[in-house]
Amino acid sequence: MLEELKKLVNLQAVDSEIFKLEEELDTLPDSNDALEEQIEEKENKIKELKNAIDIQMEEKEKRAGIYKKHEDQLKTITGKQSAIRNKEEYNALLREIDNIKRFLRDLNDEITEISKEIEAKTEELNITEEQFTGEIEGFKKQIAANTKRMDELDKTIDKLYDEREKLSKNIRPAVYNKYQRILNNSTNGKAIAMAEHRVCLGCNMTLPPELYNMVLRAVRIEVCPNCQCILIPGENHSKPASDKDEN
Ligand SMILES: [Zn+2]
């Protein structure tokens, strides 16, 4: 094979690796963003539950304060019984005592109701927290693994770029520029395609026989008329037409 072609094949091997690793590197920040979002969602859900419990606790305390005030009031009024002078006053006092007692009963029912809600919400919080804590831990581990991988990829890609620079320096500029132009236009990181059984394996187009023969001889740089890749003989290629030795 033409020496320059061999060098291009080596360069392509490095470029393919760079392409693959850069694609992987591209997906990792998005993956981490999605994980961070999920963590935030779960943490917010826990915060919401805690806030709801806090609000109920405040309501309960407020009612307990009112309860205490009216209880004291009831004691004071009950203590006034000795000062009563007539039946009207007595009846009025009994009514007041009755009213306060009814109010306290209602308030007590409310406090019991709120306590039940607090209990149910606390139970929900505990279950949610237990479940989410494990999940959040898993997400955080994944983020750390992704970050580590990004670091590794950055380093490996840097090394591969150094390697490609060394390789490209040994290729004739005209040949290298042609390769680079094809690579820049390619969407899959390939500037070289194998040709086998008269087909370009880069795009599956059947090649004209004379072009295919030139590719098999590998003495010049030929490109696929369809995908523009530089063509090299495939591993299972048939022998050039000029070669009498059939397999
Ligand atoms: Zn092609």
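In the predicted model, strands β1 and β3 pair in the parallel sense, with four bridges between them. Within this pairing, I192 lies opposite I230 of β3. Strand β1, which spans residues 192-196, is also joined to β2 by two bridges, and these two strands run antiparallel. Here E196 faces V199 of β2. The strands β1 and β2 form a hairpin in which two residues lie between them.

Taken together, the three strands make an open sheet in the order β2-β1-β3, and the pairing is mixed. The edge positions are held by β2 (199-200) and β3 (230-233); each has a single partner strand, so one side of each is left without a neighbour in the sheet.

The helical part of the model is described next. Two packed helices are described by the angle between their axes and by the distance between the axes. Helix α1 covers residues 3-79 and helix α2 covers residues 87-169; the two pack at an angle of about 165°, and their axes are 5 Å apart. Because angles over 145 degrees count as roughly antiparallel, α1 is placed as roughly antiparallel to α2. The crossing of α1 past α2 is left-handed. By residue class, the contact of α1 with α2 comprises 38 nonpolar, 17 polar and 23 charged residues.

Helix α1 also packs against helix α3 (residues 173-185), at an angle of about 35° and with the axes 11 Å apart. In this case the crossing is right-handed. On the α1 side the contact involves E4, L8, L11 and D15, which meet V175, Y179 and L183 of α3. The residues of this contact of α1 with α3 divide into five nonpolar and two charged, with no polar residue.

Confidence in the prediction was examined along the chain. The mean pLDDT of the protein is 93, and 96% of its residues reach 70 or more. Over residues 242-247, pLDDT stays under 50. For residues 242-247 the model has three contacts beyond four places in sequence.

Key:
Residues are numbered from 1 along each chain as its sequence is written. This is a predicted model: local features need pLDDT of at least 70, side-chain atom pairs count only at pLDDT 80 or more; totals for chains, interfaces and linings use all residues. pLDDT is the predictor's confidence in each residue, from 0 to 100. Two residues are in contact if their C-beta atoms, placed from the backbone, lie within 7 Å. Two strands pair if DSSP finds at least two bridges between them. Axes are lines fitted to C-alpha atoms, for helices over the stretch in contact, and angles run from 0 to 180 degrees between N-to-C directions. A crossing is left-handed if the near helix is turned anticlockwise from the far one by less than a right angle, and right-handed if clockwise. Ala, Val, Leu, Ile, Met, Phe, Trp, Tyr, Cys and Pro count as nonpolar, Asp, Glu, Lys and Arg as charged, and the others, Gly among them, as polar. Angles under 35 degrees count as roughly parallel, over 145 as roughly antiparallel, 65 to 115 as roughly perpendicular and the rest as oblique.
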